Amino acid sequence: MMEYPEVIVFDLDDTIVSFGSGAEPAWREVCGEFCVRNPWCCAGDLFKAIRTKASWYWSDPERHRLGRADLHAARREIVTLAWRELGYEDRGEAVAIADDFSERRMKNVSLFPGAIATLDALAARGQRMVLLTNGESRLQRDKINRFGLGKYFELICIEGEVGYGKPDPRAYFNILTITHLSPSNLWMVGDNLDWDVRSPQELGIYSIWNDYRHQGLPPGSTVVPDRIIHSIRELIAETLFEDSSG
C-alpha cells in the first residue's frame with residue numbers, strides 16, 4: 001500500500017500543464033509567418049537571433065526573476081535585442097513579433113495526458129494538495145481557471161501574488177507555516193531541478209523530479225532527486241517506490 005505525505009505540493013508549468021515544449025515551434029511559426037509577409041527578413045536568422053538572446057536573458061537568475069514577473073515585457077525586450085543585432089531598428093516590428101508569440105503560447109498551453117485523472121484520484125482519497133508556481137498572477141490564474149484546477153488545491157501560491165517564488169526558501173516556509181506542518185510531511189513535485197528539487201531538499205522536503213522530457217539528469221548533476229518520474233500519473237501507480245532503474 002502506497003504511503004502518501006500529509007500534503008503534496010505541485011508545480012504548475014511542465015508538471016500539470018505542458019508549457020515549455022511548445023516554445024520553439026511557436027517561435028519558428030511566428031518568425032516564418034512574419035518573414036513571408038516581409039521578404040527582406042530571413043526567418044532562420046530571426047529565429048536564431050531570438051533563441052540566442054533568450055538563452056542569454058534567462059540565464060541570469062535576477063533577470064529571470066524580473067522577467068517572469070512580466071513575460072510580455074521580457075519577450076519584447078528579447079526580440080528587440082535580437083532585432084537590433086540583425087541590423088533592424090523598427091522596435092514596433094519587434095514588439096509585434098513578441099506579442100504574436102505571447103498570444104500563441106497561451107493559446108497552445110494544454111494539460112498533460114492523465115493530469116486531471118491523477119488529481120481526481122488523489123482528491124478522491126482525501127489527499128491534501130497545494131499548488132506552488134512562479135510567474136505573474138494574471139497568466140498563472142488564467143491557466144488555473146481555464147483547466148478548472150483550483151478545486152484540487154487547498155492553497156495556491158503564485159509568485160506574483162505572494163511576492164516571492166522558488167527557489168527562495170520563503171516560498172516553502174510559507175506553505176509550512178500555513179499548513180502547520182514540518183518538512184517531512186510534504187512532497188514537492190516539479191520539473192525544475194533547482195527550484196523543485198535542490199531548494200526544497202535543503203529544507204528536508206522529499207522532492208520528486210518530473211523529467212517529462214525523458215532526458216535524465218544532466219551529466220555531472222549535483223542535484224539528486226528523491227524520486228524521478230516522467231508524468232504525475234506515476235504518483236498514483238504502485239511502481240512509484242520501485243527502483244527507478246528497473
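Predicted model: local features only at pLDDT ≥ 70, side-chain atom pairs only at ≥ 80, totals over all residues.

Visitor: OK, how many salt bridges?

Guide: The count is 18. A salt bridge here is a side-chain nitrogen of Lys or Arg within 4 Å of a carboxyl oxygen of Asp or Glu.

Visitor: What does Arg-104 pair with?

Guide: Glu-33, at 2.5 Å from N to O. That pair links distant parts of the chain: Arg-104 sits in helix α5 (residues 91-108) and Glu-33 in helix α1 (residues 23-37), 71 residues apart. Helices are DSSP runs of H or I, at least four residues, and strands are runs of E, at least two, numbered from the N terminus.

Visitor: Is Arg-104 buried or exposed?

Guide: Buried, at 16% relative accessible area. Glu-33 is partly exposed, at 34%. Buried means under 20% relative accessible area, exposed over 50%, and partly exposed in between, using a 1.4 Å probe and protein chains only.

Visitor: And what about Arg-198, which residue does it bridge to?

Guide: Asp-194, with the closest N and O atoms 2.8 Å apart. Both lie in helix α10 (residues 193-202), four residues apart, about one turn of the helix. Elsewhere, shared partners join Glu-29, Glu-33, Asp-100 and Arg-104 into one salt-bridge network.

Visitor: Switching to packing. How many residues are in the largest nonpolar core?

Guide: It has 27 residues, and Phe-10, Ile-16, Leu-149 and Phe-153 have the most contacts inside it. A nonpolar core is a set of buried Ala, Val, Leu, Ile, Met, Phe, Trp, Tyr and Cys residues joined through side-chain atoms within 4.5 Å.

Visitor: Which elements give two or more residues to it?

Guide: β1 (7-10), α6 (115-124), β4 (128-133), β5 (155-158) and β6 (186-190). The largest share, three residues, comes from α6.

Visitor: What is Ile-16 in contact with?

Guide: Leaving aside neighbours within four places in sequence, its contacts include Phe-10, Leu-111, Phe-112, Leu-149, Phe-153 and Ile-232. Contact means heavy atoms within 4.5 Å.

Visitor: What's in the second core?

Guide: That separate core has 22 residues, among them Trp-27, Val-30, Leu-46 and Ala-82.

Notes. Residues numbered from 1 in each chain as written. Heavy atoms only, no water.
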